[in-house]
Amino acid sequence: MKIIVTGGAGFIGSNFIFYMLNKYPDYKIICLDMLTYAGNLETLKDIMDNENFSFYRGDIADKEFVDNLFESEKPDMVVNFAAESHVDRSIEDPGIFLKTNILGTQVLMDACRKYGIKRYHQVSTDEVYGDLPLDRPDLLFTEETPIHTSSPYSSSKAGADLLVLAYHRTYGLPVSISRCSNNYGPYHFPEKLIPLMIANALADKPLPVYGEGLNVRDWLYVEVHCRAIDLIIHNGKVGEVYNVGGHNEKANIEIVKMILDALEKPYSLITYVADRKGHDLRYAIDPTKISNELGWLPETKFEDGIKRTIDWYLSNKNWWENIINGEYQNYYKRMYEERV
Ligand code: NAD
Ligand code: DAU
């Protein structure tokens with residue numbers, strides 16, 4: 001089995017590659033990644049010499065490059081993680097989100113049609129469903145919840161999802177889609193809530209909490225998401241969408257306080273800043289379908305996962321300090337200096 005994993009130098013894609021190389025020693029994994037600000041070859045350094053792994057730098061929206069790669073590698077499957085993934089950046093500059101997330105998906109699927117494929121899997125997000133009210137804990141996103149997006153990021157992901165389903169219906173492409181809630185774990189880029197708060201707390205810098213910190217996210221340990229994708233690409237039904245989430249809803253402020261407690265830092269570091277535009281209130285996934293059909297369960301408890309994550313950031317300071325000491329500083333100034 002030969003699988004092209006796009007976006008494999010990013011957070012979830014790299015965790016997926018480690019998971020797959022470990023679980024299937026006879027599979028070949030090919031990583032296609034453009035190495036944007038979010039992609040990091042340092043993450044993949046330990047597997048660069050693995051004979052079952054190869055890396056190609058390229059743009060999923062570059063048709064010629066993608067066609068050549070398919071022609072030479074003849075993959076059996078594609079798992080598409082490559083995307084612009086940060087909501088705040090999409091609010092600042094939507095264009096690249098449409099190019100990578102929608103047109104990139106189209107280019108990959110056209111190559112799948114041309115060269116033949118057993119499965120094209122699209123890694124999507126619960127954000128395509130919009131948000132839920134804070135005062136209705138009984139409501140959850142199911143696969144039937146209408147698409148109703150809030151940000152340029154989630155709209156671009158929703159556009160891609162619709163295109164994936166259209167390629168199945170129109171061309172019979174064997175596709176599947178997973179829509180997962182917020183992931184956390186090793187190699188999470190420091191622009192996102194959990195790693196940003198860990199890094200700032202360790203540096204005794206203010207922890208910028210948007211609005212009142214009451215927005216709720218449904219957190220899932222990254223490895224558990226990888227297992228869900230593994231099950232879907234092997235046993236999931238073609239043409240289907242699977243929601244992935246672990247019934248682990250937390251308000252942002254709870255997360256921030258947990259991190260401060262774990263690092264023995266004072267709550268006085270918490271700084272409430274201007275809210276995100278169009279900020280989704282609450283995400284919550286109903287994972288009944290993937291549990292019933294594929295036997296998937298969110299094994300890792302949040303208390304264990306967050307401890308492992310914080311320990312990882314403490315033991316791998318080089319990885320994230322290299323990031324936050326580079327171009328990231330300009331981003332941080334743009335995003336937070338006016339805000340705090
Ligand atoms: P990330 O930003 O950490 O990584 C994205 C990777 O894609 C990077 O390595 C980047 O270099 C690469 N990339 C970007 N544009 C590319 C292009 N044009 N061609 C090739 N490579 C390109 O993202 P992530 O958090 O790992 O998310 C991965 C996927 O999972 C995304 O599709 C995202 O929408 C989805 N998702 C993320 C979460 C989450 O909580 N992080 C939850 C659900 C779904
Ligand atoms: O739900 C899945 C989505 O989760 C993925 O599709 C996205 O790719 C991923 O980035 C994530 O989106 P969020 O916007 O939920 O994640 P983020 O880490 O940016 O923010 C989490 C919450 O924390 C959100 O309510 C905004 C808030 N926040 C975030 C940052 C970066 C703050 O309060 N302060 C911050 O500095």
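**A walk through the model: two ligands and a few residues**

Thr125 sits in strand S5, where strands (DSSP runs of E, at least two residues) and helices (DSSP runs of H or I, at least four residues) are numbered from the N terminus. This is a predicted model, in which local features need pLDDT of at least 70 and side-chain atom pairs count only at pLDDT 80 or more, while totals for chains, interfaces and linings use all residues. Residues are numbered from 1 along each chain as its sequence is written, chains are lettered from A and ligands numbered from 1 in the order in which they are written, and side-chain values use heavy atoms, with hydrogens and water left out.

Thr125 has a relative accessible area of 7%, so it counts as buried. Buried means under 20% relative accessible area, exposed means over 50%, and partly exposed lies in between, with a 1.4 Å probe and protein chains only. The side chain of Thr125 takes part in a polar contact of 3.4 Å with the side chain of Asp126. A polar contact is a pair of N or O atoms within 3.5 Å; within protein, one must be able to donate a hydrogen and the other to accept it, and residues adjacent in sequence count only if both atoms are side-chain atoms. The side chain of Thr125 also reaches the backbone nitrogen of Glu127, at 3.0 Å.

Which residues come nearest to ligand 1? Of the 28 residues around the ligand, they are Ile12, Asp33, Ser85, Tyr153 and Lys157. A residue is near a molecule or strand if one of its heavy atoms lies within 4 Å of it. By class, the shell holds 13 nonpolar, 12 polar and 3 charged residues. Here Ala, Val, Leu, Ile, Met, Phe, Trp, Tyr, Cys and Pro count as nonpolar, Asp, Glu, Lys and Arg as charged, and the others, Gly among them, as polar.

Several polar atoms face the oxygen atoms of ligand 1. An N or O atom in the side chain of Asp33 is 2.6 Å from an oxygen atom of ligand 1. For Ile12, a polar backbone atom is 2.8 Å from an oxygen atom of the ligand. A backbone N or O atom of Phe81 lies 3.1 Å from an oxygen atom of ligand 1. Taken alone, ligand 1 exposes 830 Å², and the protein buries 97% of that. Accessible areas come from the Shrake-Rupley method with a 1.4 Å probe; for residues, only the protein chains shown count as cover. Helix H1 (11–23), S5 and H5 are the elements that give two or more residues to the shell around ligand 1.

Ligand 2 has 24 residues around it, and Asp126, Tyr153, Arg276, His279 and Tyr336 come nearest. The shell around ligand 2 divides into 10 nonpolar, 8 polar and 6 charged residues. A polar side-chain atom of Arg276 lies 2.6 Å from an oxygen atom of ligand 2, and an N or O atom in the side chain of Asn182 is 2.7 Å from an oxygen atom of this ligand. A nitrogen atom of ligand 2 is 2.8 Å from a polar backbone atom of Pro208. Taken alone, ligand 2 exposes 680 Å², of which the protein buries 95%. Two or more residues of its shell come from helix H6 (193–202) and from strand S8 (207–210), with S8 giving the largest share, 3 residues.

Next come two residues with a particular backbone angle. Most residues other than glycine have a negative phi. Leu35, in the loop between strand S2 (28–33) and strand S3 (53–57), has a positive phi near 55°. Lys74, in the loop between helix H2 (63–73) and strand S4 (77–80), has a positive phi of about 45° and is not a glycine. Leu35 is buried, with a relative accessible area of 18%, whereas Lys74 is exposed, at 58%.

Asp62 lies in the loop between S3 and H2 and is partly exposed, with 34% relative accessibility. A polar atom of its side chain lies 3.2 Å from the backbone nitrogen of Phe65. The C-alpha atoms of Asp62 and Gly104 are 7.5 Å apart, although 42 residues separate the two along the chain.
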